[in-house]
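Here is a short briefing to read alongside the model. Please keep the viewer open as you go through the points.

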2 protein chains.
Amino acid sequence: MTQTTVSYTAKRTLSAVQTRKCLNVDNINQHVRDAKYAVRGELAVKAETYRQRLIDGDKSLPFDSVIFANIGNPQQLDQKPITFFRQVLSLVENPLLLENTEVLKKSFGYKQDVIDRAQALLANVQSVGAYSHSQGAPGIRDSVAKFIEKRDGFSANPQDLFLTGGASSGVSTILNVICSDPSTGVLVPIPQYPLYTASLTLLNARCVPYLLEEEKAWGTNVNAILKSIEDAKAAGTDVRAIVVINPGNPTGASLSADDIKKVLDVAAEESLVVIADEVYQTNVFKGEFVSFKKRLRQLQQEQPGKYDDVELVSLHSISKGMVGECGHRGGYFELAGFDPQVQEQIYKLVSIGLCPPVVAQCLLECMVNPPLEGDPSFELYQKEYTGISEGLHKRALSLFNAFQRMEGVELQEPQGAMYLFPTIHIPAKAIEAATAEGRPADEFYCLALLDATGVCVVPGSGFGQKENTFHFRTTFLAPGTDWVERIVKFHSEFMDKYR
Amino acid sequence: MTQTTVSYTAKRTLSAVQTRKCLNVDNINQHVRDAKYAVRGELAVKAETYRQRLIDGDKSLPFDSVIFANIGNPQQLDQKPITFFRQVLSLVENPLLLENTEVLKKSFGYKQDVIDRAQALLANVQSVGAYSHSQGAPGIRDSVAKFIEKRDGFSANPQDLFLTGGASSGVSTILNVICSDPSTGVLVPIPQYPLYTASLTLLNARCVPYLLEEEKAWGTNVNAILKSIEDAKAAGTDVRAIVVINPGNPTGASLSADDIKKVLDVAAEESLVVIADEVYQTNVFKGEFVSFKKRLRQLQQEQPGKYDDVELVSLHSISKGMVGECGHRGGYFELAGFDPQVQEQIYKLVSIGLCPPVVAQCLLECMVNPPLEGDPSFELYQKEYTGISEGLHKRALSLFNAFQRMEGVELQEPQGAMYLFPTIHIPAKAIEAATAEGRPADEFYCLALLDATGVCVVPGSGFGQKENTFHFRTTFLAPGTDWVERIVKFHSEFMDKYR
């Protein structure tokens with residue numbers, strides 16, 4: 001037996017010959033190794049180190065605070081949670097509080113609708129400490145269906161809803177079902193939120209990129225999509241799905257009803273599953289959000305037959321919008337047009353993970369069914385919601401204005417989501433310096449920015465970008481203008497240094 | 001283009017030629033299709049239907065309640081959450097309550113340690129609505145490390161801890177890293193919790209079964225493990241890890257320090273990663289729980305060198321024990337002996353999912369750091385904890401006694417976990433009837449039980465069992481004795497019918 005063991009060990013430890021450990025970086029699942037996820041990558045880790053050094057009293061850094069503009073995490077920054085949501089959650093967490101509602105009202109300002117909602121949710125889930133149905137508690141799915149019906153003007157079926165632990169886990173579920181072998185391809189916009197490429201890498205499937213048009217406010221170009229499909233097919237790829245992020249991440253672009261129709265046309269023509277990532281649906285500054293589901297149902301009415309077999313997954317989340325409850329990990333996806341047998345398999349897959357967090361399900365219910373005009377909590381809810389919304393828009397514009405002042409920086413006026421994604425024209429000397437370090441030039445720029453200012457943003461290379469262009473993504477969530485000025489000052493010095 | 005589309009459609013729709021849908025059950029990821037997860041399978045779905053029919057006033061069923069004894073979901077049944085935990089969570093959900101602590105104390109019985117704990121947790125996570133570090137909030141990991149140190153008498157490093165959304169997601173993460181290609185094998189006890197086989201099927205890796213010894217109280221037999229390894233190697237399998245569930249699920253068996261040493265010996269000898277599923281570590285009725293981590297550190301002290309390279313993952317959860325907070329989705333795993341580069345890859349993988357639910361992280365902190373003697377909340381905590389523990393033991397024994405009265409049923413005295421797993425000697429005629437229906441005989445039995453009594457248990461075939469033996473798994477969580485009598489009566493009629 002010893003001999004066999006030795007030969008195994010040898011096979012396993014290409015890079016670590018002195019150890020008898022089973023696992024090393026060369027023999028683990030190489031799809032895990034190959035997956036890239038810049039949002040929480042090297043820059044984020046370094047920013048965290050700086051934050052800890054500042055807490056520990058380190059005075060040697062050239063800044064006195066770290067600004068996490070790398071991730072859409074509103075409550076890490078300035079944003080306060082919406083009172084109605086959290087009051088309800090405090091009661092579902094400790095139902096014993098409901099035994100003295102008068103005190104809740106008198107001393108803590110809880111309104112009757114908060115109490116009613118908590119009681120209704122508890123009746124539905126029994127206890128937030130119990131596993132729910134794997135698709136989410138039935139009563140909560142009913143509420144989500146009503147929300148979709150109200151939003152779209154078309155019916156929604158609670159059986160087609162799957163509550164999730166955030167949109168990310170929903171995307172992972174769906175891609176896991178779609179990707180059947182290494183030739184499976186999924187169309188992904190470039191730039192994109194790197195969850196998509198990372199998930200496809202993990203599943204050993206192919207990312208089929210289609211470029212968004214920066215010059216047209218990061219719009220979706222159908223010809224680019226068709227060309228990508230053609231090229232992919234020529235390379236033997238079985239193109240099965242198209243991801244659309246609307247409003248866009250990292251671009252902030254918001255699609256028109258006509259843009260959406262064009263994507264649905266391609267999907268109908270080419271038998272593609274449409275994965276509509278609509279987590280920023282309430283973060284729209286310009287125009288109006290149109291859901292893929294609504295557009296699909298309209299087209300199905302207008303042209304019977306043509307769109308009947310389109311398969312659509314639309315994703316939503318409690319992490320974004322004016323809710324910003326990332327840490328709770330909640331969301332849902334809705335299926336439309338799926339084969340019932342496939343849907344059964346999706347159910348089985350999610351059942352292996354048992355159920356999404358039940359508190360997050362309750363929060364989702366509050367999000368889709370907030371206090372209405374006339375309800376006791378409406379006034380405060382409305383004030384908080386509008387305050388967050390206006391604050392985001394104001395910050396987006398002030399960041400936009402600052403970027404416009406910067407040499408060699410170009411960007412679109414903010415349309416939605418939580419991000420700006422400016423182009424930076426990086427001087428040739430800086431590109432050389434970056435190459436010498438073995439880094440993309442935008443990563444080099446963002447690392448220099450972090451080292452000099454404590455502001456953490458994500459290089460465009462983390463999302464994908466047209467060759468020879470450079471960008472970075474920053475959220476506009478951080479309060480104040482000091483950090484914006486830090487960027488402006490750094491940029492000017494960077495340009496001077498490498499001019 | 002139409003022609004290309006048609007050929008694609010044809011390729012895709014083997015079983016549904018009339019549709020232009022992209023996905024059907026024959027072309028989706030077949031590993032998803034092949035995965036089996038009986039805990040929430042056909043029987044559970046049928047039980048849910050019965051429950052709904054009863055709610056809707058259906059009087060045609062031969063029972064008036066459905067008993068979900070198929071899943072360890074304490075708060076779905078009788079178990080109340082522990083007050084201290086939920087009081088703390090109500091405050092982290094709504095920190096505005098902390099503005100009037102006098103009222104909390106006077107009207108709601110909150111003690112000072114509840115308030116202090118909530119404040120400490122909030123200082124740590126900032127807001128439960130913010131994403132935390134992907135491994136979990138640093139301060140909470142510190143608490144978990146202290147808990148492990150106290151439990152084992154050996155140090156634990158917070159950097160080696162990964163907080164999770166329940167143990168299931170931890171298992172999935174670890175197996176995803178370990179399984180590098182279709183020849184990777186993982187030793188799994190039979191019977192097992194089907195999460196393991198389901199995850200391995202999803203990852204297209206091999207389950208290498210090793211049989212537990214029913215006649216020795218479901219103990220772990222090293223010779224059986226070695227034989228399985230030998231057979232697997234002969235079949236070209238790269239055996240990389242061994243799963244041990246202690247206390248056992250579904251068996252309830254509790255391993256001795258000596259049993260654990262034997263497993264660690266094999267792991268050291270064969271360079272296997274040990275995956276110790278220890279979620280039932282406080283559910284032990286007989287003897288004392290010994291953790292794999294403690295035993296490993298002892299052996300490393302006693303015999304320097306031999307165990308140095310053993311890689312251990314130990315998993316824990318807030319869903320089981322006396323906590324029973326399944327719906328919150330929380331837990332952790334600890335790594336020991338892992339290559340730092342591999343550990344980095346594990347970090348990257350979890351970072352793609354952003355972070356585990358932050359409320360569940362707070363609850364985990366309360367679980368590992370509960371009120372101590374002298375703390376204001378201690379007395380109530382102690383009373384509740386002991387009450388749950390004694391209740392579980394009492395129910396386990398009363399169920400055990402009932403099963404002993406049943407013809408052709410054999411089982412071990414309950415040792416731990418939340419389950420009994422009796423053998424049932426099914427009459428030949430019943431086996432014939434089952435075969436005619438294309439079902440394993442124990443599934444046939446469990447389905448008949450559900451149809452006749454409303455009691456939902458899981459057939460042994462869902463966990464794996466020695467050939468020609470039949471079992472079922474039932475939790476002992478449901479209150480009362482009525483449902484036990486229903487089983488006894490059904491069993492006697494079943495035996496008469498098929499004798």
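A salt bridge here is a side-chain nitrogen of Lys or Arg within 4 Å of a carboxyl oxygen of Asp or Glu. By that rule, the side chains of E93(A) and R86(B) meet in a salt bridge, at 3.9 Å from N to O. The model is predicted, so local features need pLDDT of at least 70 and side-chain atom pairs count only at pLDDT 80 or more, while totals for chains, interfaces and linings use all residues. Residues are numbered from 1 along each chain as its sequence is written, chains are lettered from A and ligands numbered from 1 in the order in which they are written, and side-chain values use heavy atoms, with hydrogens and water left out.

**How the two copies are arranged**

**The interface**

- Chain B brings 106 residues to the contact, and chain A brings 106 residues.
- The size of an interface is often given as the accessible area lost when the parts come together.
- Between chain B and chain A, the buried area is about 9000 Å², with carbon and sulfur atoms giving 54% of it (the accessible area, with a 1.4 Å probe, that two parts lose on being put together, summed over both).
- On the chain B side, R40(B), Y131(B) and I352(B) lose the most area to chain A, together 9% of what that side buries.
- Between chain B and chain A the count is 4 salt bridges.
- The interface also holds 52 residue pairs in polar contact, both residues being at pLDDT 80 or more. A polar contact is a pair of N or O atoms within 3.5 Å; within protein, one must be able to donate a hydrogen and the other to accept it, and residues adjacent in sequence count only if both atoms are side-chain atoms.
- Helix α13 (residues 340-352) of chain B gives the largest share of the side of chain B that touches chain A, 8 residues. Helices (H or I, at least four residues) and strands (E, at least two) are DSSP runs, numbered from the N terminus.

- In chain B, 3 strands form an open antiparallel sheet in the order β10-β14-β13 (two strands pair if DSSP finds at least two bridges between them).
- β10 (419-420) and β13 (458-459) of chain B stand at the edges with a single partner strand each, so one side of each is left without a neighbour in the sheet.
- β10(B) pairs with β14 (residues 472-475) of chain B over 2 bridges in the antiparallel sense, and L420(B) has T474(B) as its bridge partner in β14(B).

**Backbone features worth a look in chain A**

- Most residues other than glycine have a negative phi, and most peptide bonds are trans.
- I190(A) and P191(A) are joined by a cis peptide bond with omega about 0°, and P191(A) is in the loop between β3 (184-190) and α9 (195-202) of chain A.
- The peptide bond from N249(A) to P250(A) is also cis, with omega near 10°.
- Q126(A), a residue other than glycine, has a positive phi near 75°.

**A link within chain A**

- R405(A) and E485(A) form a salt bridge, with the closest N and O atoms 3.1 Å apart.
- This pair links distant parts of the chain, 80 residues apart, with E485(A) in helix α18 (residues 482-498) of chain A.

How values were computed:
Contact means heavy atoms within 4.5 Å.
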